[in-house]
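Here is a model to walk through together. Have the sequence and the structure side by side, and we'll go from the sheet to the core and then to the rings.

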Amino acid sequence: MKLKGTLLSSALLMLVLVTAVFYAQLLGHQLQQLTYQRQSMYYRARTLAVLAQKLDLKPGQKASSAQGQVEMLKDQVRVLLPNGPKYTLDQID
């Protein structure tokens with residue numbers, strides 16, 4: 001009878017450990033995805049800022065495309081991505 005209880009508690013402990021490892025991996029994967037999304041939005045904003053400078057937009061002028069909207073400020077570029085954050089970037093050389 002004691003052996004049966006020990007096996008049952010060992011199996012339960014194993015189940016808890018496997019579940020904890022699974023959720024830790026899932027959380028790590030979600031964190032990795034969020035980091036990738038944030039980086040890709042930032043790189044998209046930088047690309048639009050460089051394009052706005054290549055178009056030689058003057059301060060106060062705006063340009064928009066399917067990728068987002070760009071506004072030139074005095075020493076900065078403001079980028080608004082669709083379904084994303086607003087970025088204000090320094091002029092990129």
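Which residue in β2 does K62 stand opposite? K62 faces E71. Before going on, some ground rules: this is a predicted model, where local features need pLDDT of at least 70 and side-chain atom pairs count only at pLDDT 80 or more, while totals for chains, interfaces and linings use all residues. Residues are numbered from 1 along each chain as its sequence is written, and side-chain values use heavy atoms, with hydrogens and water left out.

Now the sheet. It is open and has four strands in the order β1-β2-β3-β4, paired antiparallel. (Strands here are DSSP runs of E with at least two residues, helices are DSSP runs of H or I with at least four, and both are numbered from the N terminus; two strands pair if DSSP finds at least two bridges between them.) In general, strands of a sheet pair through backbone hydrogen bonds, either parallel or antiparallel. At the edges sit β1 (62-65) and β4, each pairing on one side only. On average, neighbouring strands are turned by 20° against each other, direction ignored; the axes behind that angle are lines fitted to C-alpha atoms, for helices over the stretch in contact, and angles run from 0 to 180 degrees between N-to-C directions.

Follow the chain through the strands. β1 and β2 pair over four bridges in the antiparallel sense, and the hairpin joining them runs through two residues. The hairpin of β2 and β3 has three residues between the strands, and this antiparallel pairing also has four bridges. Look for Q69 opposite L80 in β3, and for M72 opposite V77 in β3.

How much of β2 is buried? Four of its five residues are, where buried means under 20% relative accessible area, exposed over 50%, and partly exposed in between, with a 1.4 Å probe and protein chains only.

As a rule, in soluble globular proteins, nonpolar side chains tend to be buried together. Here the largest nonpolar core has twelve residues, among them A45, L48, V70, M72, V77, Y87 and L89. (Such a core is a set of buried Ala, Val, Leu, Ile, Met, Phe, Trp, Tyr and Cys residues joined through side-chain atoms within 4.5 Å.) Two or more residues each come from α1, β2 (68-72), β3 (76-80) and β4, and α1 gives the most, with four.

The whole structure holds three aromatic pairs. Rings of Phe, Tyr and Trp (its six-membered ring) pair if their centres lie within 6.5 Å; planes under 30 degrees apart count as stacked, over 60 as edge-to-face and the rest as tilted. Why is the pair of Y42 and Y87 edge-to-face? Because its planes are at 65°, with the centres 5.9 Å apart. This pair links distant parts of the chain, with Y42 in helix α1 (residues 2-54) and Y87 in strand β4 (residues 86-90), 45 residues apart. Y87 is buried at 14% relative accessible area, whereas Y42 is partly exposed at 31%. Together with Y43, they form one aromatic cluster.

Finally, find P59 in the loop between α1 and β1. P59 has a relative accessible area of 56%, so it counts as exposed. Leaving aside neighbours within four places in sequence, P59 is in contact (heavy atoms within 4.5 Å) with M72, L73 and K74.
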